[in-house]
Amino acid sequence: MNNPKTNRTALTLGLICALSVSCAAWATQPLSSAALPIPATPPDPRWTLIWQDEFSGAAGTQPDERTWNYDYGNADANGWGNQELQFYTRDAANVRLDGQGHLEIRALKNTADLACWHGDPCAYTSARLTTRNKVTFTNGRIEARIQVPPGAGYWPAFWSLGQSGKWPDGGEIDIMEWLGREPNTVYGTLHGPGYSGAQGLSQSKTLGRAASDGYHTFAVIKRPREIVWLLDGVPYHRVTPDDLPAGRAWVFEQPFYLLLNLAVGGQWPGPPNASTVFPGVMKVDYVRVWKENATP
């Protein structure tokens, strides 16, 4: 697949985002709740690129900490709320740049005494990165180009959480989730107060082949009172306040931050099996955010 990477990096865009603080909220013009049209995939005159990370550092180095935070452990008494089997670290073995313009999040078999929610050591290690309090967006087009790892039990995700409000009251936008046991299917889901977990507003898109066979672009276009999911530039899911369960609140008009992670096991994907190959590597080519230009 053709790689549309540019030469700019998150560091060079520090003048825009200041990297060590949250980027400014990006306003867009409100649009009708009627069927779109969806603008073309950038570059396009209707969009202006305002932040990006192209992961262009040297092989073995780690993502810029002025942009990315590292979650650690196997949180709470229930494995990140899902009985997941990985212990998140910030070790270069689990999260590093490959020297060719990609971020690698790597799931490995664990050989250390890292406690899991079930009381025994976690069977696997991996990584989860966030931009909380560093880079946020309110509206715009948010996109990543990712190759997921094949194998039962893998659960890679590109998603976002509201800066304010305890989950699920602050809202969650799952831009991409993928399950190794369903290799041809990608999920996009919205969670909020009273419509979280299994009650989230979800839609799937089935490919004609395994998503792990190559890179794909996963995006949302977020406008006031509207969120649209796209796979390889094609929309497949749209949610507005009118789609929420009766009496439930739309909590998405606030800054959101980004997350990238590779989970192993859990209630939804199920565990790895004898055919699952380790390490499993989630490769991220870029993460980019555009603002939508006002139409005349």
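1. The side chains of R90 and E65 meet in a salt bridge, with N to O at 3.0 Å; the term is used for a side-chain nitrogen of Lys or Arg within 4 Å of a carboxyl oxygen of Asp or Glu. This pair links distant parts of the chain, 25 residues apart, since R90 sits in the loop between β3 (86-88) and β4 (95-97) and E65 in the loop between β1 (47-53) and β2 (69-70). Strands here are DSSP runs (E, at least two residues), as helices are (H or I, at least four), numbered from the N terminus.

2. This is a predicted model, in which local features need pLDDT of at least 70 and side-chain atom pairs count only at pLDDT 80 or more, whereas totals for chains, interfaces and linings use all residues. Residues are numbered from 1 along each chain as its sequence is written, and side-chain values use heavy atoms, with hydrogens and water left out.

3. A second salt bridge joins R238 and E226 (2.7 Å, N to O). R238 lies in strand β16 and E226 in strand β15, so the contact ties together parts that are 12 residues apart in sequence. E226 is buried at 4% relative accessible area, while R238 is partly exposed at 27%; buried means under 20%, exposed over 50%, and partly exposed in between (1.4 Å probe, protein chains only).

4. A search of the whole structure finds 1 disulfide, a term that requires cysteine sulfur atoms within 2.5 Å. It joins C116 to C122, with S to S at 2.1 Å, and both cysteines are buried.
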